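Subject: Two-chain model, handover and notes

Hello,

Here is the structure you were expecting.

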Amino acid sequence: MSGLGAFWGLYKREVVKIYRRAFALVMTFMQPIIWIIFFGSSLNGMPREYLVQFFGTPNYIGFVLPGQLATSMLSTGTFSAMSIVWDRRFGFLKKILVTPAPREAVFFSKVAGAVTRGLVQVPVMLAAALAFGVALPLDPVGYLEWIAALMLLGIGFSSIYLAVAMKSSDWQHPQLVANVMNLPLMFTSTALFPRTFYPAWMRAIADVNPITFATEIGRGVVLNDPYTPTLLGYLAAFAAASMAIGLLVARRFMTAE
Amino acid sequence: MNGNAIEVLDLVKRYGNVTALAGVTFSVSRGEIFGLLGPNGAGKTTTIKILTGLTPPTSGRAYVAGFDVVRQPNEVKRRVGWVSSEVILDDDLNAWENLELQARLQGVRNWRERATELLKYFDLLQSAGRPVGGYSTGMRKKLEIATALLHSPEILFLDEPTIGLDVNARAMLWDLIRTVNREFGVTILLTTHYMEEADALCNRVAIINLGKIMALGSPAELKSSVGGEVVELEIERPVDLSALKRLPDVLDVAASDGKIRITVRKADETIPAIVKSLDFSAVKSLKVEKPTLDTVFMKLTGKRIEESHVDYRRFYAMIRRSRR
């Protein structure tokens with residue numbers, strides 16, 4: 001059917017917008033890079049034994065890099081929510097919905113666009129880590145699994161954020177949702193700190209927080225820790241469930257205004 | 001189902017307790033330029049939204065290109081093009097990319113050929129590689145019409161096509177609408193609150209106000225329905241009017257302080273007879289008043305179109321409240 005063609009057309013639009021609006025892209029790199037520069041620099045001066053005791057490794061940047069990349073997939077969610085709100089406000093959604101293109105194509109194109117935007121950060125962040133002297137191991141399979149993990153995380157978050165913004169035409173809503181969700185999700189994961197020193201209730205949240213799972217997979221690669229492949233299965237389940245919710249909401253609530 | 005391009009039967013649309021359309025019936029023949037003329041908030045855009053499948057009617061039936069807009073929306077959507085009142089293009093994309101997106105949404109194969117033809121026709125080929133954000137208003141409007149024509153629709157919906165355009169751009173667009181209708185063989189339904197626009201472009205016009213059609217016919221029919229044209233003579237001294245009153249095409253003669261107002265069916269054809277029927281050396285000046293569609297609107301509603309706009313912000317605030 002025309003669904004696939006419509007998806008491809010809409011996805012191409014999202015990709016073109018990523019590089020035509022390079023400034024917005026640079027903004028998404030800023031937070032993780034700033035984290036690496038400032039936290040990395042200040043913590044690298046700590047006595048080695050403290051670092052090892054607390055983080056389990058003397059390499060703080062190597063420790064926090066997977067956490068930052070996982071957390072940055074939250075911003076893909078914010079972006080997808082923002083883009084559907086803008087499309088509604090500028091009437092672009094109307095223009096799409098007066099064609100036979102199915103709503104599912106619109107939904108998938110937003111998710112895929114957001115995930116693409118998120119994954120563009122991976123090489124940039126790896127390069128930044130290399131520049132700060134992190135020795136990245138050569139582990140092709142590991143990197144593929146890591147990227148798959150980030151992709152699943154991005155699919156999950158952008159689906160949920162899209163569902164939340166599906167009926168909104170207020171551009172402040174996505175920002176509001178981001179403020180309410182992003183920081184708590186980051187702090188209740190192992191993105192910044194190891195779970196060992198968390199209180200029991202935070203540990204309980206961290207153990208089901210998908211950001212933790214993507215972080216641990218990344219750490220497995222960067223710090224040469226072994227990890228269990230069920231982590232990827234958990235993320236796949238998270239992505240599938242979120243996508244199902246997002247699709248249901250899109251079918252029911254994606255209207256022109 | 002007959003061969004009409006659009007068939008609308010007793011269409012009603014309510015948003016909560018706000019009635020946007022209160023039972024509208026009309027049909028548009030193939031190849032016609034049909035106008036919905038009325039003030040803002042009259043129900044014109046709501047009608048287009050229903051006919052393009054963007055929103056379902058509360059009750060009533062509508063067939064577009066022979067398909068039911070509620071039961072077969074995709075069949076309808078494949079056969080219609082829509083140009084909104086505000087230009088909707090992606091400013092980050094260039095003309096080619098905007099056209100490609102439309103082609104993929106409509107499932108048009110070999111779109112490049114058709115797109116090149118349209119860009120050439122609309123004189124946009126030179127600038128087609130530039131992001132649309134830098135286009136002038138007229139260029140954007142043209143590109144939007146080109147995207148709406150890309151999938152060769154049978155029917156084109158133009159919602160307030162010349163709103164916000166300057167005089168030159170408006171004249172250009174009127175020409176364009178006429179040639180698109182003629183050369184591409186597209187039926188056009190347009191909405192407007194400019195009476196000159198409806199008069200200049202449309203084969204038939206439906207005058208719509210507060211969700212109801214007040215009158216429907218060709219511009220000439222509508223204008224003659226208000227009682228003909230007026231020839232006004234300014235005279236220096238009293239003249240004998242008896243011969244004038246006996247003329248067959250003269251409907252009414254009214255004389256007052258140095259002026260004679262003669263109501264006739266067609267001024268152009270009756271003036272020679274008027275000149276012969278009275279002592280024209282007494283006439284200082286002659287003026288012809290032809291009724292406009294605004295005269296028609298005024299006779300039907302007691303107000304000018306310009307005075308009848310529903311305050312948009314209040315209207316939509318009302319709709320939003322009633323939805324809760």
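The notes below start with the contact between the chains and then move to single residues.

Please keep in mind that this is a predicted model.

The interface

Chain A brings 25 residues to the contact and chain B brings 23 residues. Together the two chains bury about 2,400 Å², and carbon and sulfur atoms give 58% of that area. On the chain A side, A:Lys95, A:Val98 and A:Pro100 supply 28% of the area that chain A buries against chain B, more than any other three residues.

Between chain A and chain B there are 8 salt bridges, and 10 residue pairs are in polar contact across the interface, with both residues at pLDDT 80 or more. Helix H1 (2–20) and helix H5 (92–97) of chain A each supply at least two residues of the side that touches chain B. Of the elements on that side, H1(A) gives the most, with 11 residues. By type, the residues of the side of chain A that touches chain B are 12 nonpolar, 5 polar and 8 charged.

Two of the salt bridges can be described by residue. The side chains of A:Arg13 and B:Asp90 meet with N to O at 2.5 Å. A:Arg13 and B:Asp90 also belong to a network of salt bridges, whose other members are A:Glu14, A:Lys17, A:Arg21, A:Asp87, A:Lys110 and B:Asp92. The second salt bridge joins B:Glu97 to A:Arg20, with the closest N and O atoms 2.9 Å apart. This pair crosses between chains, from helix H3 of chain B to helix H1 of chain A. B:Glu97 counts as buried because its relative accessibility is 18%, below the 20% cut-off. A:Arg20, at 33%, is partly exposed.

Salt bridges within a chain

Over all chains the count comes to 33 salt bridges. One of them, within chain A, pairs A:Glu104 with A:Arg251, the closest N and O atoms being 2.4 Å apart. A:Glu104 is in helix H6 and A:Arg251 in helix H12 (residues 230–253), so this pair ties together parts of chain A that are 147 residues apart in sequence. A:Glu104 is partly exposed at 22%, whereas A:Arg251 is exposed at 51%.

In chain B, B:Glu75 forms a salt bridge with B:Arg79, with 2.9 Å between the closest N and O atoms. Both sit in helix H2 (residues 73–79) of chain B, and because they are 4 residues apart there, about one helical turn separates them. B:Glu75 is partly exposed at 26%, and B:Arg79 is partly exposed at 23%.

Buried residues in chain A

A:Val115 is in helix H6 (residues 103–119) and is buried, with 6% relative accessibility. Apart from neighbours within four places in sequence, its contacts are A:Met73, A:Met151, A:Gly154, A:Ile155 and A:Ser158.

A:Ser72 is in helix H4 (residues 60–89) and is also buried, at 7%. A polar atom of its side chain lies 2.7 Å from the backbone oxygen of A:Leu69. With neighbours within four places in sequence left aside, A:Ser72 is in contact with A:Pro32 and A:Gln121.

Backbone and domains of chain B

Most residues other than glycine have a negative phi. B:Asn110 has a positive phi, near 50°. B:Asn110 lies in the loop between helix H3 (95–106) and helix H4 (111–121) and is exposed at 61%. B:Ser152 also has a positive phi, of about 50°. Its place is the loop between helix H5 (137–149) and strand S7 (155–159), and B:Ser152 is partly exposed at 46%.

Chain B is divided into domain 1 (6–223) and domain 2 (227–290). The C-alpha centres of these two domains lie 43 Å apart.

Regards

Conventions: Residues are numbered from 1 along each chain as its sequence is written. Chains are lettered from A and ligands numbered from 1 in the order in which they are written. This is a predicted model: local features need pLDDT of at least 70, side-chain atom pairs count only at pLDDT 80 or more; totals for chains, interfaces and linings use all residues. Side-chain values use heavy atoms; hydrogens and water are left out. Contact means heavy atoms within 4.5 Å. Buried area is the accessible area (1.4 Å probe) that two parts lose on being put together, summed over both. A salt bridge is a side-chain nitrogen of Lys or Arg within 4 Å of a carboxyl oxygen of Asp or Glu. A polar contact is a pair of N or O atoms within 3.5 Å; within protein, one must be able to donate a hydrogen and the other to accept it, and residues adjacent in sequence count only if both atoms are side-chain atoms. Ala, Val, Leu, Ile, Met, Phe, Trp, Tyr, Cys and Pro count as nonpolar, Asp, Glu, Lys and Arg as charged, and the others, Gly among them, as polar. Buried means under 20% relative accessible area, exposed over 50%, partly exposed in between (1.4 Å probe, protein chains only). Domain bounds come from an automatic or database domain assignment.
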